Amino acid sequence: MAAHLKKRVYEEFSKVVQIPHEEAQAKKLRLSKPSKSAALHVDLCKATNSTDALQYLLQFARKPVEVESVEGVIRILLEHYYKETDNSVRLKIASLLGLLSKTNGFSPDCIVDDAINTLGNEKSHQVLAQLLDTLLVIGSQLPESPAVRLRLIEVACKHLSDTYFGVRNKCLQLLGCLGLVDAPLTKDSNGPSSSSGGARDVQSIISNYFADQDPRVRTAAIKAMVGHSGPQILVPILAERITQGLISVFQLQLHDRGMKIHQIIYDQACRLLSDDYEQVRSAAVQMVWVLSQLYPESIVPIPSSNEEIRLVDDAFGKISHMVSDGSWMVRVQAAKTLGSMLQVSSHFLEQTLDKKLMSDLRRKRTAHERAKELFVSGEFSSGRKWADDAPKEKLDSNTVNLIASGACGAFVHGLEDEMFEVRIAAVEALCQLARSSPSFAEKCLDFLVDMFNDEIEEVRLQSIHVLREISTHITLREDQLDTVLAVLEDSSRDIREALHELLCYTNVSTKECIQLALLELLKNLNKYPTDRNSVWKCLKFLGSRHPALVLPLVPELLSTHPYFDTPEPDMDDPAYIAVLVLVFNAAKSCPTMPALFSDHTFRHYAYLRDSLSHLVPPLRLPGRKQVYSLDSVDSSCGSSSVESAQLFLQQSLNRVSSIQNLETAGDQDLLNFTIRDLQRLGELQTELAGAADFCATYLRCQLLLMKALQEKLWNVAVPLYLQQNVTATAAAQQILEETYKLEFLYSGLESRQVATIHHVRLQAKALQLILTARTRQGLDLLISSCEKFLQEVESFQRLFLSELPHLQDSFVDKLLELMPRLVSCKPAELVKILQTTLRQSGLLQLRLPEQIHRATATIVEPTGESDNPLKFTSGLVVALDIDATLEHLHDPQNSVKVQVSARLPENLSFSKTSFESSFFNRFRLQVLYPDGQSHVIHPKPGDFRKPGPNRHRLITQVYLSHTAWT
Amino acid sequence: MPEIKVTPLGAGQDVGRSCILVSIGGKNIMLDCGMHMGYNDDRRFPDFSYVTQNGRLTDFLDCVIISHFHLDHCGALPYMSEMVGYDGPIYMTHPTKAICPILLEDFRKITVDKKGETNFFTSQMIKDCMKKVVPLNLHQTVQVDDELEIKAYYAGHVLGAAMVQIKVGSESVVYTGDYNMTPDRHLGAAWIDKCRPDILISESTYATTIRDSKRCRERDFLKKVHESIERGGKVLIPVFALGRAQELCILLETFWERMNLKAPIYFSTGLTEKANHYYKLFITWTNQKIRKTFVQRNMFEFKHIKAFDRSYADNPGPMVVFATPGMLHAGQSLQIFKKWAGNEKNMVIMPGYCVQGTIGHKILNGQRKLEMEGRATLDVKLQVEYMSFSAHADAKGIMQLIRMAEPRNMLLVHGEAAKMEFLKGKIEQEFNCYMPANGETAMVTTNPSVPVDMSLNLLKREMALGGPLPDPKKPRTMHGTLIMKENSLKLVSSEQALKELGLNEHQLRFTCRVQLQDPHSDPDTLHRVYTHLKSVLKGYTIQHLPDGTVMVESIVIKVSSSAEDVNAKVLLLSWSYQVQQSPTYLFFRRFRPRFGIFFGNV
């Protein structure tokens, strides 16, 4: 062990030495740098033909160029550019110019003129396009200089009439990126053209190109106007913009930068929706959407009638129309976009689900028209009944409009689409719209339920999730529940579990529904026994949600009889447990229910309350001792108890904060008691478990520190050092461990808390340093650990610069004051200073963050104490199923470690192993074999499922294999 | 004006016997060549004597195109090609070419072997006919001859169904055949690009129907089957061998897979097996899901669906049986129906249309007692369900296709006249729509654009004038000479035309004389005119040439004194006829009055 430690120390030591060494090398490199531009010059001059020159340039592009030499290099490139006759070389030079202008720290304003000049006598269109691209880079690098931007805009306008589409594209992009953001602000007063002289209205210039002959240019023009970001990204940006006014964000295009697009463009945008080319249509959908978000309430006329509607409704109708476009890319785009148009009026929204309404609902409907509609709906066949499309009454065909059908049936089409991408987009859009409109949620229910039957599992799963999200708005009818429950027989585990999750949140209307659900769930349990936990949990929620509906079912469910005793059911039967879970959870808020229980039910309750306490709630049972008095008090108090517990937590912390110095025994006692209190609180109040745990651990660290620094320990005689050192070292070690746990095991920490934790760690490290000094192991070692410590102090300062003001009078604060002295002084002196500062510094008060949760992991499979060990033959592979629920993890894909250790039984047979597993945060899946060998396995991202907020589920397989153990 | 003529020989205001003659740009094309299910006499086949009284059709038709393998679209093909006589090319897609002979052979067997008809085409004739077939690929442009080209688009409906675009020069016609705009379990939706044909010939089977979401129908179907199976009942689904049957098979197969069901599903054998083989092969013609997953597993390799044997019908326990024919009028489906009708746990699901008079039609209309042959009656106790799984476009689908293709005219076939009338009314709000009956001809005059070769120099020169870019939305006039020579058209500049034709150029100039009184000598007068114009017309090039003329742009001004009166000077203005068009003309019109005023004052 000692040897190992020593080795580690040496490793660290050698690292420390290496760093300055590397720095020296870096410096050397820098010396050779100025020659780079010269080298390029030489290379280019040497090049006899264009191919060579191109080769040199390509090689050159692979190496980075430092800031200082960028300008020189650019000059050389430009010089060569004028001499070069070959197009491809000039193109490469142009692209290099752009690349170089992007170099960090280089300001390209000195090369603007040169770059613009190169445009003047360029004949090749491709090179021209590339040069404009370079100018775009330069322009976006110089956001602060309006003069440059004006010039660039002029250049772009000049080249807009080029015959090559690429040049026009780039010009439009340039206009979009650099067009004046300030223009709309001065728009009201005389317009930008008069105020800024040469500046023209960028928008009208760009909009001229909506009718360009080349579809690529049309697309570029639209993109220049609205930017590239889709609705998903834009919604928050827009919201922000509304609150904060216009913000200019560079590198984005006109709209994205906050330039308000004029409403006049709306008509043009709508016309572009019927363009021949899909990329134009797709971009146009985006533009119509942007306009509908900017001017939702303006009024637009309906062509061929003298009525008017809101712009957002009109846009909604037009985009809905695009859901039946010929190109699936456009359909996806349209379906997605629909989901973010929340301001649309409800009757337009509801039209999207109704294909049969053929009459043009844009106009206000009279009662007469509505009556006609009834005939219309009679005319059209549902395909469910024989001959139901036989004409019944002659209807006036003028009422039925097939062509301009507006939003009619957009989602019906979207959900039936050939491509599953479109279907998923439609389901998601439905979800978004339904969340904001309860009546729509009610309507789309049937459609979502239909999607449970889709041929692609992804779509099925998505629609179940969506239904869960909107389920707060809806109550399922019996027939709807029936179709939902039919999916419980699905062979895919994901689908079933998603459905269980859905059932946890659904409201049902009648007791028959409850019975139906229970029956189907029991059937499910029977068919797929592995779903046990999920089914139980589902019934728990079902029971606690509908106590009144369960009550009339209780005698039947528990098969009790008014006169006869019925046989006692088998306690281990999962189905019986499922029924009990339902009943007990309903009984929690229905005090009359326990009267219906028979004797054995009470016994079973006691058993289940113990064995499955997370599923069975505490009940106040008549004639029974209140065994769980504390719990029931808790539950009866409800939410107020949470508040009082929070208060208690805060008070304990305040009390502790009064401790100023760490000397007196009374203070230690106080800490001890507080820790104990907090731990108990965590057990009682699950909502605050994380916070209480966190505080307790923190205080324990403080306590340990306090004990280690006890005055009397440090004044003992030399021979007693050893023993005292052992306790102090152990304490320091423990504090370090605890601080890592504090930092990584809890979610919801703010940087303030992290700083506090790091502070404690720093204290522990100081303690370690002092102890090292006292053992007198050698000066070298001491020097290196001193240096290491100082580095840590520095890095602390760097990391938590913003938090330093809150750390007044703390250990770090004092250290930083003494820093200049510490750096120069000798190790022995440093240790001495540390010792006094450490002992003088007070306890740092802990401020609790709003939400703090402890990351936990529960392993469902494999169970720890399995009776039948897994066997595998050496050299072959065995798969071990792992199923675990992880809570409050930030990024489970990167932060989970499952440790599976294979253990040899006593008789050392090679093929017999049993498993136990445990979870640690921030690590990977690790398999430990009995011979100490270990494998680290990364679970695939696909193995993680997210059933709820802050919850993840890992279902994966670990492959084990090992050669024979001899 | 050129015309496109469309004459339906069958399927005009009718369903069945699809056969449409199109003449476009001097070419004659026959679209589909089907038989009528409802007749057993001569009316069964289209009346080819319309094309020619006697003799072969080869001289009158440039090509025949078959849209898909249903018999009402290809049933008369061997009769036409072998018995009437046609040797030209017949176009159809690969799957149609593969499956079509199976169905024709089956049709022949039933008519000849079972009904004992004579004078019908033979197996050999089917084979000979198929030899004339040229297969088509989707989106492949096939040149029938130098001018006529055809292109196939995906139509859904059944495997290999295609819509065809027929194009001669800039005139074009699109024929849809039967198509489906909503995808189903095994096929995708019809798709066409914005080809803007002169006529779109569309089927209109469901012209007055807008169907509900397909999903609820599927769900209902599955639920009914599932419930019946759980009760321990038997389910009979009468189907036609090809088309819907495959869709229902896939539907049930995936449902069985998903729900882990164990009850057996049977398919009565026969031509189905052969056809299924082709379904497995033509994966590219199916929908997204099947195309994407066939590498792991071909969806048409059914796991749960097995071949049916007569004896299985008596097996105990639940089962699902697909049996032919679809209308329960004969064959296996009727036999099984008779066996199962007595048990109320059983169920029969009719997935399609039933002709009047068939047992299918009777039970769908609620008849519970059936009279069988031999005076026996049959009590129908089993449940009867109807599920429409028809794969035709509904009214909305037809409109969607119209929007996709953007035709100039519309022509409806393959539908009932009354229903067509309704849709026609709708369409005519936007553009012309025709619905000719059989034998009637619809004529559409077209306005084809005539392509002309233009010399590059002329194009560049004309582009330089006027706006910065050619705007496709605005026509622009230009000057040039059109040369028609040996069937080719060429647009060149006038100079080049003169050179090519070896003609001399003649100049036409307009002159005008203005008399004025001026005592100065001729050169002085001219000079005065020059200085005056110079001061008045800023921005124009004005030159005083040494030969005693003044040029304003291209207008020449000369001064000569008349012989009689020395003071009376004659001002000669001369300009070429091009000036009338050029900007100088404007100048001239604006300033000519001023000359008068100026000189009048002198």
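Q: Contact means heavy atoms within 4.5 Å. Leaving aside neighbours within four places in sequence, which residues is Phe420(A) in contact with?
A: This is a predicted model, in which local features need pLDDT of at least 70, side-chain atom pairs count only at pLDDT 80 or more, and totals for chains, interfaces and linings use all residues; side-chain values use heavy atoms, with hydrogens and water left out. Residues are numbered from 1 along each chain as its sequence is written, while chains are lettered from A and ligands numbered from 1 in the order in which they are written. Phe420(A) is found in helix H22 (residues 420-436) of chain A; helices (H or I, at least four residues) and strands (E, at least two) are DSSP runs, numbered from the N terminus. With those neighbours set aside, Phe420(A) is in contact with Ile456(A), Glu458(A), Val459(A), Gln288(B) and Lys292(B).

Q: Is Phe420(A) buried or exposed?
A: Buried means under 20% relative accessible area, exposed over 50%, and partly exposed in between (1.4 Å probe, protein chains only). Phe420(A) has a relative accessible area of 15%, so this residue is buried.

Q: How far apart in space are Phe420(A) and Trp328(A), C-alpha to C-alpha?
A: In sequence, Phe420(A) and Trp328(A) are 92 residues apart. In space, the C-alpha to C-alpha distance of this pair is 9.9 Å.

Q: How are H23(A) and H24(A) oriented to each other?
A: Two packed helices are described by the angle between their axes and the distance between the axes. Axes are lines fitted to C-alpha atoms, for helices over the stretch in contact, and angles run from 0 to 180 degrees between N-to-C directions; under 35 degrees counts as roughly parallel, over 145 as roughly antiparallel, 65 to 115 as roughly perpendicular and the rest as oblique. The axes of H23 (residues 438-451) and H24 (residues 457-470) of chain A come within 9 Å and cross at roughly 155°. H23(A) and H24(A) are therefore roughly antiparallel.

Q: How many nonpolar residues does the contact of H23(A) with H24(A) have?
A: On the H23(A) side the residues are Ala441(A), Cys444(A), Leu445(A), Leu448(A), Val449(A) and Met451(A), and they meet Val459(A), Arg460(A), Ser463(A), Val466(A), Leu467(A) and Ile470(A) in H24(A). By class (Ala, Val, Leu, Ile, Met, Phe, Trp, Tyr, Cys and Pro nonpolar; Asp, Glu, Lys and Arg charged; the others, Gly among them, polar), this contact of H23(A) with H24(A) has one polar and one charged residue, and its nonpolar count is 10.

Q: Which orientation do H25(A) and H27(A) take to each other?
A: Helix H25 (residues 478-486) and helix H27 (residues 511-527) of chain A have axes 10 Å apart and pack at an angle of about 10°. In H25(A), Glu478(A), Leu481(A), Asp482(A) and Leu485(A) meet Glu512(A), Cys513(A), Leu516(A), Ala517(A) and Glu520(A) in H27(A). Their contact divides into five nonpolar, no polar and four charged residues. Given the angle, H25(A) and H27(A) are therefore roughly parallel.

Q: What is the phi of Asp32(B)?
A: Most residues other than glycine have a negative phi. Asp32(B) lies in the loop between strand S3 (27-31) and strand S4 (63-65) of chain B. At 0% relative accessibility, Asp32(B) counts as buried. The phi of Asp32(B) is a positive value in a residue other than glycine, near 65°.

Q: What is the phi of His157(B)?
A: His157(B) sits in the loop between strand S8 (148-154) and strand S9 (162-168) of chain B. With 4% relative accessibility, His157(B) counts as buried. Its phi is positive in a residue other than glycine, near 50°.

Q: What radius of gyration does chain B have?
A: The C-alpha trace of chain B spans about 130 × 55 × 45 Å along its principal axes. A compact globule of 602 residues would have a radius of gyration near 25 Å, where the radius is taken over C-alpha atoms and the globule rule is 2.2 Å times the number of residues to the power 0.38. Chain B has 38 Å.

Q: How many strands does chain A have?
A: Chain B comes to 16 helices and 30 strands. Chain A has 966 residues, of which 50% count as buried. The secondary structure of chain A comes to 43 helices, and its strands number 14.
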